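Me: I have a structure to get through before class. Can you walk me through it?
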Amino acid sequence: MRDHLYLFLFMIEFSTGCILSNELQIIEITGYTGGSVVLPCSCAHPQSTAKTFTWQFFGNGERWIPVFEDEKYSGRRVLFNQSSPQNLSLLISGLRMEDEGYYKCVTEQYTSIQSIHLTVKGCNLVQNTEATIEVTGYAGGSVVLPCSCSELLAKPEQIQWVYFVENTYKEIYPNEKTESHKNRVKLLNQTSPGNLSLHISALTAEDEGDYYCSVSSQTVSYRLRVEVSLTVTLGTEKPHIHTSISLSTHQPSHQTQELPPPQQPHHTPQCVFILLGVILSVLLLALLAFTYWRCRGGRNVKKVTRDEEELNREQDVMDDVTYSAVVHVKTAATPAHIERDLAEHTEYAPIKFKR
């Protein structure tokens, strides 16, 4: 009896078809331009299947439009029910701002409805569109012109970089229409679709000028100056690569205009640095010679002082010694011929006196 009851309930459930899991609820979903989004819809019972179902879109507030009958979704819509019959979800790729709105999943003549509100976030430039960004680069190096969306996951529907030269605007990205920039420019959006910054390598003086980053109706202007910075070290010249960015309050111009001639960098003549090096070398040699002379002079003074002290000590010894003559004389009468030889028998004995 119980088995028959279960079979009866099972037949009733399948006779009603697919009942959606989130029926009568509005699901909020957020997507980004250029990306993909899945609108979920599935049967509540894993064994049930929908005989017929459809997806409808209510965008501009006029009426519900079948998604699979609208050409704007052509090539951008995918269903999952072929691999999983109870999964009625819809995948929309290449999202656009016009895809934003309300969607609903309907089964078996409106027996079950799933409602979804899709919000699509686009690209709003972070940089100030009313100011000109001044960027300085150096010849032979590279420079980055910053341009990015407030939502880094949002890929703009259209991005364009142009270069103003010879009173004309020439596109350098995505189509390189100037030979001077060929194979030298690229976007830094490999990891973040919203990073639209332009990288320019191998800078030359010809790269100087005005650049524009355009996204839909938004435009940011840049003024690039290319200079040559030389660092003099022991007579060798070495380029120094540096990039600086500053903001100015100039209003961007999208019309034909004449750019002021680039300011030529002021460089100190090389002969001045050479002359300074020679003078410093001479002063260093003079200082070394003076130090050497002072050291030698000090040693000579010490040697003379020691010699004078030794000489004074010897003189003092000589002054302290007195020689006395001792004559050996016999008391007996001495013949006259012997008096000549008194000097031969004279002896001298030193006598020291203490002072």
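Me: Which strand is Phe-164 in?
Reply: Phe-164 is in strand 11, which covers residues 159–165. Keep in mind that this is a predicted model.

Me: Is Phe-164 buried or exposed?
Reply: Buried. Its relative accessibility is 3%, and buried means under 20%.

Me: How far is Phe-164 from Glu-208?
Reply: Their C-alpha atoms are separated by 9.7 Å. Along the chain, Phe-164 and Glu-208 are 44 residues apart.

Me: What does strand 11 pair with, say strand 12, and how many bridges join them?
Reply: Five bridges join strand 11 to strand 12. Strand 12 covers residues 168–173, and the two strands run antiparallel.

Me: Which residue is the bridge partner of Val-162 in strand 12?
Reply: That is Glu-171.

Me: And how many residues are between the strands in that hairpin?
Reply: Two residues lie between strand 11 and strand 12. In this hairpin, Glu-166 takes a positive phi near 55°.

Me: Let's zoom out. How many helices and strands does the protein have?
Reply: Two helices and 21 strands. Buried residues make up 27% of the 355 residues.

Me: What about contacts: what share join residues at least 24 apart?
Reply: The share is 66%, among contacts between residues at least 6 apart in sequence.

Me: Now the core. How many residues does the largest nonpolar core have?
Reply: It has 25 residues. Those with the most contacts inside it are Leu-145, Trp-161, Leu-196, Leu-198, Ile-200, Tyr-211 and Tyr-222. Several strands give two or more residues to this core, including strand 9 (132–138), strand 11 and strand 14 (198–200).

Me: Which strand gives the largest share of this core?
Reply: Strand 16, with four residues.

Me: What does Ile-200 touch?
Reply: Leaving out residues up to four places away in sequence, Ile-200 touches Gly-141, Ser-142, Val-143, Leu-145, Arg-184, Val-185, Asp-207 and Tyr-211.

Me: What is in the second, separate core?
Reply: That core has 21 residues. Among them are Leu-20, Cys-41, Leu-118 and Val-120.

Me: New topic. How many aromatic pairs does the structure hold?
Reply: Nine. Take Phe-58 and Trp-64: their ring centres are 5.0 Å apart. Their planes are at 40°, so the pair is tilted.

Me: How accessible are Phe-58 and Trp-64?
Reply: Phe-58 is partly exposed, with a relative accessible area of 23%. Trp-64 counts as partly exposed too, at 33%.

Me: What sits over the ring of Trp-64?
Reply: The charged end of Lys-104 does, 4.3 Å from the ring centre.

Me: Which residues form an aromatic cluster?
Reply: Phe-57, Tyr-73 and Tyr-103 form one.

Me: Do strand 1 and strand 8 pair in the parallel or antiparallel sense?
Reply: Parallel, over seven bridges. Strand 8 covers residues 112–121. Glu-28 stands opposite His-117 in strand 8.

Me: Last topic, salt bridges. How many are there in the whole structure?
Reply: A search finds five. One joins Asp-99 and Arg-76, with the closest N and O atoms 2.9 Å apart.

Me: Why does the pair of Asp-99 and Arg-76 tie together parts apart in sequence?
Reply: Because the two residues lie in separate loops. Asp-99 is in the loop between strand 6 (90–92) and strand 7 (101–107). Arg-76 is in the loop between strand 4 and strand 5 (77–79). The parts are 23 residues apart in sequence. Both Asp-99 and Arg-76 are buried.

Me: What about Glu-98 and Arg-96?
Reply: Their side chains meet in a salt bridge, 3.3 Å from N to O. Glu-98 is partly exposed at 44%. Arg-96 counts as partly exposed at 31%.

Me: And which residue forms a salt bridge with Asp-210?
Reply: Arg-223, with the closest N and O atoms 3.0 Å apart. Asp-210 lies in strand 15 and Arg-223 in strand 16, so the pair ties together parts 13 residues apart in sequence. Both Asp-210 and Arg-223 are buried.

Methods:
Residues numbered from 1 in each chain as written. Predicted model: local features only at pLDDT ≥ 70, side-chain atom pairs only at ≥ 80, totals over all residues. Heavy atoms only, no water. Buried < 20%, exposed > 50% of the residue type's maximum accessible area, 1.4 Å probe, protein only. Core = buried A, V, L, I, M, F, W, Y, C linked by side-chain atoms within 4.5 Å. Contact = heavy atoms within 4.5 Å. Phe/Tyr/Trp six-rings, centres within 6.5 Å; stacked < 30°, edge-to-face > 60°. Lys NZ or Arg CZ within 6 Å of the ring centre and 35° of its normal. Pairing = 2+ DSSP bridges. Salt bridge = Lys/Arg side-chain N within 4 Å of Asp/Glu carboxyl O.
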